[in-house]
Amino acid sequence: AAADNPYERGPAPSNSSIEASRGSYAVSQTSVSSLSVSGFGGGTVYYPTSTADGTFGAVVISPGFTAYQSSIAWLGPRLASQGFVVFTIDTNTTLDQPDSRGRQLLSALDYLTQSSSVRNRIDSSRLGVMGHSMGGGGTLEAAKSRTSLKAAIPLTGWNTDKTWPELKTPTLVVGADGDTVASVSSHSEPFYESLPSSLNKAYLELNGATHFTPNTSNTTIAKYSISWLKRFIDNDTRYEQFLCPLPRPSLTIEEYRGNCPHT
Ligand code: 9J3
Ligand code: ZN
C-alpha cells in the first residue's frame, strides 16, 4: 500500500485491468451454510488467498426476487480478485421484499466481519453493499439505515420507494435501457435523481441490456463497479480516472450521469 493511502491494494490500474475477467489476486472461496447463520440465508465468501497485503474492504451482494446467489455469483471472483472480500448471499426466502433484503445485507455484513472464518482479513470500517433487482432495492435500504457504509451499487434495482434523500453513502445506480421489469424511468432514474446533489453519486445506464443483464458476466458492470468500490471503499484515487470525466455513451453505455470530481 502506498504511504499516502493505507487502503490501496493491488497495482496501478489501467482500462484493461478493470475490464479483465480477473484482477491481480488469486481468490479462495468458502461456503457459509444457512444453518450456521441467522438473519440471512447463508452464501459464499470469495477472498484474496494471500494475507501478505493486510486487510481488505468487504462487499455483500444480494440476489433478486425468486433468485439465488448463483444469479450473482460471477461478481464474487471478479471483484475479489481485485482486492475485496466479497460475500454473495442467499436470502431467507426467495420472495423476500427489498426492505427485508436490506436488513439481510446488514446481517450478512455483521456475520462476515464479526463471526466468519475470514473476519481477520477484513477492515470492518470499509464496507459496501450491492444487489440485483429487489436486492438492488435492498442495497438502497441498507445504505439508508447504515450511513457508515462506504459504497452502494444497486444493479437494475427495484423498489416501491423511489426517493433516497437520506443516503450518505457514495452510490452508483446501474440501470438497463431495455428493462421491462424495473424500468429505468420508474426505478433507477428516480433513485439516482432523488439522491442528494452533494453526494458522490452516478447513474450508469447499460445499452442493449435487460433486467437480467446483471445475472451473467458483464464487463461494463464489472469495470464501473470495481472503480466505484476502489474509489470509495479503498479511497483509491487511482480509479478516479475511470469515473471522471464522466464516461461517454458507447456501444455498452446508453447514458452516464454523475457529479465530478468526486470528493
Ligand atoms: O428482484 C426482482 O427481479 C424484482 C422485480 C420483480 O419481479 O418485481 C415484481 C414484484
Ligand atoms: Zn424514500
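I began with the pairing of strand β2 (residues 43–48) and β4, and found four bridges joining the two, which run antiparallel. One of the partners I looked up was Tyr46, whose bridge partner in β4 is Val86. A reminder to myself: this is a predicted model.

Next I turned to strand β3 (residues 56–62). Five bridges link β3 to β4, and here the run is parallel. Which residue of β4 does Gly57 stand opposite? I found Phe84 there. I also followed the chain from β3 through helix α2 (residues 75–80) into β4, and these three make a right-handed β-α-β unit.

Then I checked β4 itself, residues 84–89. Is β4 enclosed or open? Six of its six residues are buried, so the strand is largely enclosed by the rest of the structure. I noted the side chains too: Phe84, Val86 and Thr88 point one way, while Val85, Phe87 and Ile89 point the other way.

I stepped back to the whole protein. I counted six helices and nine strands. The radius of gyration is 16 Å, close to the 18 Å that the globule rule gives for 263 residues, so the protein is as compact as a globular protein of that length. I read 51% of the 263 residues as buried. Of the contacts with a separation of 6 or more, 66% come from residues 24 or more positions apart.

My last stop was ligand 1. I found Gly64, Phe65, Ser133, Met134, Trp158, Val181 and Ala182 surrounding it. By class, I noted five nonpolar, two polar and no charged residues in that shell.

Technical notes: Residues numbered from 1 in each chain as written. Chains lettered and ligands numbered in written order. Predicted model: local features only at pLDDT ≥ 70, side-chain atom pairs only at ≥ 80, totals over all residues. Near = placed C-beta within 6 Å. Nonpolar A, V, L, I, M, F, W, Y, C, P; charged D, E, K, R; others polar. Rg over C-alpha atoms; globule rule 2.2 N^0.38 Å. Buried ≥ 20, exposed ≤ 12 C-beta atoms within 10 Å, placed from the backbone. Contact = placed C-beta atoms within 7 Å. Pairing = 2+ DSSP bridges. Right-handed = clockwise from strand over helix to strand, strands pointing away.
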